[in-house]
Amino acid sequence: MGTSKRGSCLKYIFHLAQDNLDFRLPEIKALLALRGKPFCPGENFKEKSPFWCLDGLSEEDVSGIMARSICAKSAFELWGHGKTHSELRTSLLNYPLKDMLLFMHKDSTYRINVYTFNKTLEFSDRIKKIDAMDYLPFEGTVSLKSPQHIFCLMEDYGNDPNNIPEHPDYIYFGRWLADGQRELIRSHSVKNRHFIGNTSMDAGLSFIMANHAKVKENDLVFDPFVGTGSLLVACSHFGAYVCGTDIDYNTIHGKGRSSRVKQKWRGPDENIRANLRQYGTEKMYLDVMVSDASKPVWRDASLFDAIITDPPYGIRESTRRTGSHKDNNKPPDGIYAESHVPVSQSYHLSDIFTDLLNFSARHLPIGGRLVYWLPIYRPEYCEEIVPFHPCLRLISNSEQPLSSHMSRRLITMEKIKEPEELDSLAHLSNSHFSPYQGHNAFREKYFSGQNKRFGKEDDKSDVNGE
């Protein structure tokens with residue numbers, strides 16, 4: 001086809017979803033990096049905008065990104081743009097006619113869609129906008145159900161729903177190329193999953209984490225706090241082999257009380273392997289095992305291409321590790337049994353993240369990525385709170401607000417060098433370490449904020465005489 005000869009001089013426009021705004025740029029950059037491409041935004045780029053123009057790509061690059069992206073809705077080959085319809089017309093008439101005619105010849109079928117961001121148009125107004133583009137040399141036949149080519153007129157009315165302008169701030173016109181993978185959010189919804197728990201990760205966020213980690217086919221991905229395996233499901237979808245550990249015996253073996261309404265106990269086949277079987281990726285499942293993240297059992301080597309995890313925060317799941325504060329915590333010789341439950345003690349969040357970063361520095365290859373969630377008490381947040389390691393470079397730090405006072409941040413780090421003898425202790429001499437220890441009080445701050453909120457609601461009830 002002629003499209004393959006048109007090179008990478010074309011511009012492309014991405015239409016992005018307006019949720020998880022902080023996660024969009026790191027995802028697109030990571031997917032570009034998988035294809036060896038830099039992020040080259042067009043002029044007037046605005047990160048919070050729903051429309052991004054990118055340069056230096058080929059149609060194959062765009063299709064590859066859209067085959068993975070959760071944050072992007074659709075991608076188009078950009079034919080024209082402008083602040084007004086007059087500027088758009090001038091821009092479209094300057095677009096090479098020979099490139100247009102590849103998709104407008106008399107034997108073709110087509111459809112024009114009108115999309116408006118932050119404003120709803122009547123159907124008749126949409127038709128008027130399409131009719132006003134009669135200066136384009138369409139010679140084919142309109143087909144609303146199954147056109148060969150789809151074109152889109154996109155109008156951006158800004159981000160303020162309380163102050164919608166009469167005319168759009170900017171207008172784009174382009175040829176549709178591909179849709180993103182938003183359908184995965186529905187098809188992999190936790191609501192329909194075979195095996196779930198109290199803290200099973202949202203499907204959309206799981207896939208975003210996999211993209212941030214640059215997970216690709218035949219990678220080996222590890223989750224040291226695997227839980228019910230939501231992150232393994234997402235990574236296996238992209239062709240990676242997956243494995244994990246967790247200290248909770250019941251979760252690993254799918255035993256104990258169910259998290260489902262009207263179901264007291266878990267069924268006989270409720271486990272992580274069954275989740276992957278549900279989505280047709282069981283062949284990518286290596287195994288999971290009961291293990292304490294503070295006492296890793298792996299040999300010292302670069303074993304995993306990516307480490308992706310959601311550590312416990314101490315809210316719905318306790319932060320525990322094996323051990324005791326007592327001097328003698330070992331049972332007498334010979335009384336270990338299959339039913340033995342080891343003594344456990346509190347596992348501070350600062351220790352969890354220190355161990356996680358040290359583990360990643362030892363077991364990732366150069367260029368391998370660690371992606372994890374960091375809980376934050378928002379009034380006290382500063383960049384120094386983000387854990388530091390000399391072997392790992394911070395790639396992105398994206399916030400997901402949970403309430404007015406709490407949020408969690410998706411941290412992506414990349415290994416840049418092999419660990420040296422004292423690297424595992426570098427955090428102790430770093431200025432990050434003191435505020436970093438503040439994570440240990442996250443649980444108390446969380447419930448303190450909850451109590452304040454409930455207290456305000458009680459005060460309102462008293463004032464209203466309820």
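Predicted model: local features only at pLDDT ≥ 70, side-chain atom pairs only at ≥ 80, totals over all residues.
Student: Let's start with the whole chain. What does its secondary structure come to?
Tutor: The protein chain has 13 helices and 16 strands. Of its 466 residues, 49% are buried. The accessible surface is about 23700 Å², and carbon and sulfur atoms account for 50% of that surface.

Student: What share of the contacts join residues at least 24 apart?
Tutor: Among contacts between residues at least 6 apart in sequence, that share is 74%.

Student: On to helix 8. Why is Ser 230 called buried?
Tutor: Its relative accessible area is 4%. Buried means under 20%, so Ser 230 belongs in that class. You will find Ser 230 in helix 8, residues 230-237.

Student: Which residues does Ser 230 touch, beyond its neighbours within four places in sequence?
Tutor: Ser 230 is in contact with Arg 193, Ser 200, Met 201 and Ser 206. With Arg 193 there is a polar contact between the two side chains, at 3.0 Å. Ser 200 is 30 residues away along the chain, yet the C-alpha atoms of Ser 230 and Ser 200 are separated by 6.2 Å.

Student: What puts Tyr 249 in the partly exposed class?
Tutor: Tyr 249 has a relative accessible area of 45%. Partly exposed runs between the 20% limit for buried and the 50% limit for exposed, so 45% falls inside that range. Tyr 249 lies in helix 9, residues 249-253.

Student: How do you know that Tyr 249 and Val 290 come together in space?
Tutor: Their C-alpha atoms are 5.9 Å apart, although 41 residues separate them in sequence. Leaving aside neighbours within four places in sequence, Tyr 249 is in contact with Val 290 and Lys 255.

Student: Thr 116 is in a strand. Is it buried or exposed?
Tutor: Thr 116 has 8% relative accessibility, which is under the 20% limit, so it counts as buried. The strand is strand 4, residues 109-117.

Student: What makes the pairing of Thr 116 with Lys 119 a polar contact?
Tutor: A polar atom of the Thr 116 side chain lies 2.4 Å from the backbone oxygen of Lys 119. That is within the 3.5 Å limit, so the pair qualifies. Beyond its neighbours within four places in sequence, Thr 116 is in contact with Leu 121, Arg 126, Glu 155 and Tyr 157.

Student: I always look at cysteines. How many disulfides does the search find?
Tutor: The search of the whole structure finds 0 disulfides. As for individual cysteines, Cys 71 is buried at 2% relative accessible area, and Cys 235 is buried at 1%.

Student: How many cavities of 30 Å³ or more are there?
Tutor: There are 3 in the whole structure. The largest cavity has a volume of about 120 Å³. Its lining has 15 residues, and Phe 222, Pro 224, Ala 293, Pro 296 and Phe 359 lie nearest its centre. Helix 11, residues 349-363, gives the largest share of that lining, 4 residues.

Student: And the second largest pocket: which residues lie nearest its centre?
Tutor: Those are Asn 44, Lys 46, Ser 49, Tyr 170 and Tyr 172, out of 21 lining residues. The pocket holds about 510 Å³ of space.

Student: Which strand gives the most to that lining?
Tutor: Strand 2 does, with 3 residues. Strand 2 (51-54) and strand 7 (170-179) each supply at least two residues of the lining.

Notes
Residues numbered from 1 in each chain as written. Heavy atoms only, no water. Disulfide = S-S within 2.5 Å. Buried < 20%, exposed > 50% of the residue type's maximum accessible area, 1.4 Å probe, protein only. Contact = heavy atoms within 4.5 Å. Areas by Shrake-Rupley, 256 points an atom, 1.4 Å probe, with all protein chains shown as cover. 1 Å grid on protein atoms, 1.4 Å probe; cavity = no way out; pocket = protein on both sides within 12 Å on 5 of 7 lines; lining within 4 Å. Points joined across faces, edges and corners; volume = space filled by probe spheres on them. Polar contact = N/O pair within 3.5 Å; in protein donor to acceptor, adjacent residues only side chain to side chain.
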